[in-house]
Amino acid sequence: MRPFALGAGVLQNVRGLGVAVIVSVWVVVAVDVVFAAWDWLFLFAVDEPDPVLSALMDGVNAVWLVSGPAAVILVVAWLWQARSAVEGSPHRYGQRWVVWGWLPVVGLWVPRRVVADVWAASAPPPERARRSVVNWWWGLWLLYDLGTNAHFLVSILAVSDPDTMRTVVRFGAVFPVVAAGAAACLTVVVRRISSWQDVSTVERAA
């Protein structure tokens, strides 16, 4: 075992980006909750939406258009910095896979492996193998990502059938819960890795 030094600038970026990641993903969760509530209100409670509520939803929609892409960018930026901080450790993928790993098909498994490798390289020895939270985050994220895309396509097909649309809305209420679970797990992952790297030296395997 031997220590390697982490630059102060990298550490500050990891800490700062980690906070930004946590805030951004919980904003996405909050927006999902509002959308789900809106769908239930519109389909099950009222025939015509209140103008004030409609204006409010326009604002929420604007937040959604920004928050989703912002969260993705921040997660990738944080992971880039976190992996850079442990560059000398064993990794299954090169640095560029932090970005390219999110492409279709490879995006089903590469990001989880990148995060798992950063976890293992950053964690103290007792914690290196305890990566269940990484697996939970990734499983919930895949369920949310694939599920919401499928839900969107089905909702387009069902828009002309009110009864089917109500069923689609009921099913869609699950996704904010899944999003919250994924965000909670990611919060733990980001905080732990950032905390482990927030030291003057971190030991790694030679």
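Tutor: This is a predicted model. Trp102, Trp137 and Trp138 are linked into a cluster by ring pairs.

Student: How many aromatic pairs are there by this rule?

Tutor: The count comes to seven aromatic pairs. In the pair of Trp119 and Trp196, the ring centres are 4.8 Å apart and the planes are at 85°, so this pair is edge-to-face.

Student: Which helices do Trp119 and Trp196 lie in?

Tutor: Trp119 lies in helix α4 (residues 110-122) and Trp196 in helix α7 (residues 174-197), so the pair ties together parts that are 77 residues apart in sequence.

Student: Is Trp196 buried or exposed? And what about Trp119, buried or exposed?

Tutor: Trp196 has a relative accessibility of 16% and counts as buried, because the cut-off is under 20%. Trp119 is buried too, with a relative accessible area of 0%.

Student: OK, the core now. Which residues touch the most other members of the largest nonpolar core?

Tutor: Trp78, Trp119, Val134 and Ile193 do, out of the 41 residues in that core. The elements giving two or more residues to this core are α1 (8-44), α2 (51-85), α4, α5 (132-158) and α7.

Student: Where does the largest share come from?

Tutor: From α7, which gives eleven residues to this core.

Student: And what does Val134 touch?

Tutor: Leaving out residues up to four places away in sequence, Val134 touches Arg112, Val115, Ala116, Trp119 and Val189.

Notes:
Residues numbered from 1 in each chain as written. Predicted model: local features only at pLDDT ≥ 70, side-chain atom pairs only at ≥ 80, totals over all residues. Heavy atoms only, no water. Phe/Tyr/Trp six-rings, centres within 6.5 Å; stacked < 30°, edge-to-face > 60°. Helix = DSSP H or I, 4+ residues; strand = E, 2+ residues; numbered from the N terminus. Buried < 20%, exposed > 50% of the residue type's maximum accessible area, 1.4 Å probe, protein only. Core = buried A, V, L, I, M, F, W, Y, C linked by side-chain atoms within 4.5 Å. Contact = heavy atoms within 4.5 Å.
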